[in-house]
Amino acid sequence: MYNFLIGVIIILSVLMIITIMMQPSKQNSAASAFTGGADKLFGKQKARGFEAVMKRSTAVLGAAWLIVAFVLAFLSSR
C-alpha cells in the first residue's frame with residue numbers, strides 16, 4: 001500500500017508540474033513582473049475556457065496530492 005501511494009504521489013507531482021506550466025501567462029510587460037500585477041489584484045476577471053479548466057485541474061490535483069501526502073505521513077508513523 002505504501003509503495004503504491006508513493007507511485008501515486010510521484011504521478012500527481014508530475015501532473016501538477018505539467019498543469020502549472022501549461023497555464024497561460026497574465027503578464028503583459030516587463031514592468032508588471034516587478035509590480036506583481038497589483039493593479040489587477042482586485043479586478044473582477046473570471047477565468048474562461050482553457051484558463052478555467054487549468055485552474056480547476058491544478059486545484060484538484062493539489063488537493064489530491066495533499067490527501068495522499070497526509071495518508072503517507074500517517075502510514076509512515078505507524
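1. Quick definition first: a nonpolar core is a set of buried Ala, Val, Leu, Ile, Met, Phe, Trp, Tyr and Cys residues joined through side-chain atoms within 4.5 Å. "Buried" here is under 20% relative accessible area, exposed is over 50%, and partly exposed is in between (1.4 Å probe, protein chains only).

2. Bear in mind that this is a predicted model: local features need pLDDT of at least 70 and side-chain atom pairs count only at pLDDT 80 or more, while totals for chains, interfaces and linings use all residues. Numbering runs from 1 along each chain as its sequence is written, and side-chain values use heavy atoms, with hydrogens and water left out.

3. The largest nonpolar core has 7 residues: Leu5, Ile9, Leu12, Met16, Leu61, Val68 and Leu72. Two or more of them come from each of α1 (2-22) and α3 (50-77), with α1 giving the most, 4 residues. Helices (H or I, at least four residues) and strands (E, at least two) are DSSP runs, numbered from the N terminus.

4. Take Leu12: leaving aside neighbours within four places in sequence, Leu12 is in contact (heavy atoms within 4.5 Å) with Leu61, Ala64, Trp65 and Val68.

5. Now for a threonine in α1, Thr19. Thr19 is buried, at 10% relative accessible area. Beyond four places in sequence, Thr19 contacts Met54, Ser57, Thr58 and Leu61.

6. Thr58 belongs to α3 and is also buried, with a relative accessible area of 17%. Not counting residues up to four places away, Thr58 touches Thr19, Ile20 and Gln23. Its side chain also reaches the backbone oxygen of Met54 at 2.7 Å.

How values were computed:
Polar contact = N/O pair within 3.5 Å; in protein donor to acceptor, adjacent residues only side chain to side chain.
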